[in-house]
Amino acid sequence: MPGIIAAVLFFIAFLINAADISTNDTFTSTNVMLLGLTALALHVAGIGSSWTYRRRR
């Protein structure tokens, strides 16, 4: 799931940058890209994945 969120955030950052949309200081294309990189790092680390490992007793 974080991988999909990262892809959406990268696409939004691309649109903001390509269309040269003026946004406030918080919602810039660089900040959205950094949020996407954070979500991608969480995805690569395995956080948010649906795989669970349970040991039987």
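1. **Overall make-up.** Start with the whole chain. The model is predicted. It has two helices and zero strands. The chain has 57 residues, and 16% of them count as buried. Now look at contacts between residues with a separation of 6 or more. Residues 24 or more positions apart account for 53% of these contacts.

2. **Length of α1.** Helix α1 covers residues 2-18. That run has 17 residues. From first C-alpha to last, α1 reaches 24 Å. This is close to the 24 Å expected at 1.5 Å a residue.

3. Which residues of α1 are buried? They are P2, A6, L9, A13 and I16. These residues cover an arc of only 85° around the axis, which puts them on the same side of α1. Turn to the face away from that buried side. There you find the exposed residues I4, F14 and A18.

4. **A18 and the end of α1.** A18 belongs to helix α1. Its relative accessibility is 54%, so A18 counts as exposed; the cut-off for exposed is over 50%. A18 and S29 are 11 residues apart along the chain, and their C-alpha atoms are separated by 9.5 Å. Just after α1 comes D20, with a positive phi of about 55°.

5. **Length of α2.** Helix α2 runs over residues 29-45. Its 17 residues should span 24 Å at 1.5 Å a residue, and the end C-alpha atoms are 24 Å apart, so the two values agree.

6. **The two sides of α2.** S29, V32, G36 and A39 are the buried residues of α2. Seen down the helix axis, they fall within an arc of 85°, so they line one face of α2. The face turned away from the buried side carries V44 and A45, which are exposed. Just after α2, G46 takes a positive phi of about 95°.

7. **How the helices pack.** What do the buried residues of α1 pack against? They pack against α2. In turn, the buried residues of α2 pack against α1. On the α1 side, they include P2, I5, L9, I12 and I16. On the α2 side, they include V32, L35, A39, L42 and H43.

8. **The geometry of the pair.** Two packed helices are described by the angle between their axes and the distance between the axes. Take both values for this pair. The axes of α1 and α2 come within 8 Å. They cross at roughly 165°. An angle over 145 degrees counts as roughly antiparallel, and α1 and α2 are therefore roughly antiparallel to each other. The crossing of α1 past α2 is left-handed.

9. F10 sits in helix α1. Is F10 buried, exposed or partly exposed? Its relative accessibility is 29%, so F10 counts as partly exposed. The band for that label lies between under 20% for buried and over 50% for exposed. Leaving aside residues up to four places away in sequence, F10 touches M33, G36, L37 and L40. Look at M33 in particular. F10 and M33 are 23 residues apart in sequence. In space, their C-alpha atoms are 5.6 Å apart.

10. **Points to check on screen.** Then find A18 on α1. A18 is on the face turned away from the buried side.

Definitions and conventions:
Residues numbered from 1 in each chain as written. Predicted model: local features only at pLDDT ≥ 70, side-chain atom pairs only at ≥ 80, totals over all residues. Heavy atoms only, no water. Helix = DSSP H or I, 4+ residues; strand = E, 2+ residues; numbered from the N terminus. Expected span 1.5 Å × (residues − 1). Buried < 20%, exposed > 50% of the residue type's maximum accessible area, 1.4 Å probe, protein only. Arc of directions from axis to C-beta. Contact = heavy atoms within 4.5 Å. Axes fitted to C-alpha atoms, helices over the stretch in contact; angles between N-to-C directions. Parallel < 35°, antiparallel > 145°, perpendicular 65-115°, else oblique. Left-handed = near helix turned anticlockwise from the far one by under 90°.
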